Amino acid sequence: MQPEAFTLLMTVYGGDRAEHVRAAFRSAVDEQTLRPDQVVLVQDGPVPPELAACLRELVTGSAVEVSFVHLERNRGLGPALDAGLQAARHDIVARMDADDVAMPHRFQTQVPLVRAGADLVGAGLLEFSADISDIVGQRIPPSDPNDIASYSRLHDPFNHPTVVYRRSAVVAAGGYGDLPLMEDYWLFVRMIANGARVVNVAEPLVYYRVGDGAYERRGGRDLLRSELRLQRQMLHEGFISQPQYWRNVLVRGGYRLVPTMIRKPFYRRVVAPYGARRNRSRDREDARRATATRQQGYVPRHARPATGAADGHESLPGRDPARPRHEG
């Protein structure tokens with residue numbers, strides 16, 4: 001039996017640069033050890049002539065089938081991604097931003113986890129400036145499903161440019177919708193609340209471009225308005241409590257309003273490395289439990305924790321083998 005196929009989903013808009021789009025596309029298609037079976041390329045509104053020529057080149061020259069979706073007007077990232085999902089022929093969908101660079105083994109690492117039963121798989125990323133040799137930071141997400149669920153009540157637990165998911169699980173949660181600048185966080189919250197099986201690979205698998213203005217864009221009144229709207233939605237849906245709502249408004253809202261010179265070091269020192277700290281704490285706890293188990297002596301086979309699924313697939317953290325997975 002052939003392994004389950006998957007689709008790569010990219011969106012492009014008028015503000016993207018042709019050379020960045022070309023590098024992103026090639027890193028996620030031509031240079032992958034596991035190539036996608038389909039690429040959905042969404043043009044979100046009008047683009048400059050140079051970028052239009054680049055898109056034509058990518059569509060006609062790709063070794064993988066490309067489905068091109070042209071939206072006449074710029075509708076924003078959430079609606080553009082929802083349009084792209086409609087054109088996806090496969091239930092497994094991998095996201096890729098138009099100015100990032102995927103590591104060659106990215107899909108070889110993540111896609112098998114979705115095939116094995118996960119609904120949403122994220123990964124770590126490395127932030128770069130001029131080129132991928134100029135690493136300026138990293139974001140390591142929490143990898144334990146319990147940590148992911150807990151963390152999601154205050155922060156987005158996934159690096160959106162790294163995710164691979166089941167389209168059926170995204171659709172079951174209502175899709176991206178139109179919550180500018182917060183559409184991915186809102187989607188992931190609804191997926192978690194909907195019972196999706198979520199996993200993060202702590203290993204960085206994507207180079208994430210942070211050019212001039214990256215930290216300025218994490219603040220400002222527009223983002224604050226979206227932030228407050230997100231928090232109201234999370235409270236209304238019962239995903240957070242009233243005290244958590246006010247905590248988030250103060251912490252996350254305040255973060256949007258502080259000067260960039262404060263926001264940047266706070267993000268680098270507190271937010272981005274949270275997952276790495278939590279993962280190390282989990283590893284220490286697991287090591288302590290393993291030592292305690294060895295000291296207790298022999299454990300009968302039937303009493304040992306499962307180390308893999310009966311079908312031979314890689315086991316997933318927090319996976320319940322009896323729970324049916326979403327099917328496309």
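## Ground rules

A residue is called buried if its relative accessible area is under 20%, exposed if over 50%, and partly exposed in between, using a 1.4 Å probe and protein chains only. This is a predicted model, where local features need pLDDT of at least 70 and side-chain atom pairs count only at pLDDT 80 or more, while totals for chains, interfaces and linings use all residues. Residues are numbered from 1 along each chain as its sequence is written, and side-chain values use heavy atoms, with hydrogens and water left out.

## Rings that pair up

Rings of Phe, Tyr and Trp (for Trp, its six-membered ring) pair if their centres lie within 6.5 Å; planes under 30 degrees apart are stacked, over 60 edge-to-face, and the rest tilted. That rule gives 4 aromatic pairs here. Take Phe-158 and Phe-188: their ring centres are 5.3 Å apart and the planes sit at 65°, so this pair is edge-to-face. It ties together distant parts of the chain, 30 residues apart: Phe-158 is in the loop between helix H5 (145-151) and strand S8 (164-166), and Phe-188 is in helix H7 (residues 183-193). Helices (H or I, at least four residues) and strands (E, at least two) are DSSP runs, numbered from the N terminus. Phe-158 is buried at 4% relative accessibility, and Phe-188 is buried at 0%.

Tyr-245 and Trp-246 are edge-to-face because their planes are at 75°, with ring centres 5.0 Å apart. Tyr-245 is buried at 12% relative accessibility, but Trp-246 is partly exposed at 47%.

## Charges over rings

A charge sits over a ring if NZ of Lys or CZ of Arg is within 6 Å of the ring centre and within 35 degrees of the ring normal. Arg-139 has its charged end over the ring of Tyr-208, 4.5 Å from the centre. Arg-153 does this with Phe-239, at 4.4 Å from the ring centre.
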